[in-house]
Amino acid sequence: MSDPRSHAEIADLLAFATELAQEAGDLTLRYFGGIVDHDAKSDGSPVTIADTQAEALIRQRVEARYPEHSILGEELGESNEGARVRWILDPIDATRSFMRGVPLYGVLIGIEIDGVSAVGVAHFPPLRETVAAGTGLGCTWNGAPCRVSEVSSLDQAVICTTDVERILSTPQGDGWRRLQQRCAFSRTWGDCYVHALVATGRIEVQVDPRMASWDAGPFLTIASEAGGRFTTREGQATVHGGDGISSNGLLHDMVLEALAY
């Protein structure tokens, strides 16, 4: 992105996306703090009134400012398909945590320009944390620059996954066991927040065996700009691969090798 117009475009989109994620996050907090009623979607996953209202808020703001842009959201589908700039929205990632009053849920916004990830914002409303990045602009944590950790051996690394039983039921299950045996320790803090923990240097690896585009939307840009990597288990740097691994980069190839089946 050496073109200064592109650099300026990314900076403007990043600032607006950060503002919208925080505004939508404030909306979700109106419903947060106890057991929240929900409906079941066609795939059995839950959706709450906060999910739909938060996505609608972001959509309305984007459409008012950038009517030519496309928007792909978890709850309300895709509009203006084929546009040069596409917003990818997950209004509440970790809805099950949100429904139970657990604060580790996030508002996720990714933006692609000409099909390439360029902006990523992950905002965690109850924690008042925002991790945000734009191509060529670095990654920030609550406005301050952040970087991945410098741990270079698995025996010193903290690795995470969202649900051990789920990953054990996938082809990566044996590989996950191999990783657990080699790392310092593993945890299941879960979902989007753990990708943010990687980008801010607090842990080294998050393995997600199943990620939709909106789950992964911001994390390729966030990981890359923080000095790490985000790929599928096959090593593809994409948010559309159906799974995702965030790492500090130094350990990434070791993780992919351990997970191979």
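Me: What is the strand order of the open sheet of eight strands?

Reply: This open sheet runs β4-β3-β5-β6-β7-β8-β9-β10, with mixed pairing. The model is a predicted one: local features need pLDDT of at least 70, side-chain atom pairs count only at pLDDT 80 or more, and totals for chains, interfaces and linings use all residues. Residues are numbered from 1 along each chain as its sequence is written, and side-chain values use heavy atoms, with hydrogens and water left out. Strands (E, at least two residues) and helices (H or I, at least four) are DSSP runs, numbered from the N terminus.

Me: Which strands stand at the edges?

Reply: β4 (77-79) and β10 (144-145) do. Each has a single partner strand, so one side of each lacks a neighbour in the sheet.

Me: How do I read pairing?

Reply: Strands of a sheet pair through backbone hydrogen bonds, either parallel or antiparallel. Here, two strands pair if DSSP finds at least two bridges between them. β3 and β5 are parallel, over four bridges. Gly73 has Leu89 in β5 as its bridge partner. β3 and β4 are antiparallel, over three bridges, and a hairpin of three residues joins β3 to β4. Seven bridges link β6 (residues 106-113) to β7, again antiparallel.

Me: Which way do the residues of β3 point?

Reply: In a regular strand the side chains alternate between the two faces of the sheet. Ser70 and Leu72 point one way from β3, Ile71 and Gly73 the other.

Me: Which residues touch the most other members of the largest nonpolar core?

Reply: In soluble globular proteins, nonpolar side chains tend to be buried together. A nonpolar core is a set of buried Ala, Val, Leu, Ile, Met, Phe, Trp, Tyr and Cys residues joined through side-chain atoms within 4.5 Å. The largest has 29 residues, and Cys139, Ile203, Phe219, Ile222 and Phe230 touch the most other members. α6 gives the most to this core, with seven residues. A second, separate core of 26 residues includes Phe16, Val62, Ile109 and Ala132.

Me: Is Gln206 buried or exposed?

Reply: Gln206 is buried, at a relative accessible area of 0%. Gln206 sits in strand β13 (residues 205-208). Its side chain has a polar atom 3.4 Å from the backbone nitrogen of Thr161. A polar contact is a pair of N or O atoms within 3.5 Å; within protein, one must be able to donate a hydrogen and the other to accept it, and residues adjacent in sequence count only if both atoms are side-chain atoms. Another such contact, of 3.5 Å, joins the side chains of Gln206 and Asp208.

Conventions: Buried < 20%, exposed > 50% of the residue type's maximum accessible area, 1.4 Å probe, protein only.
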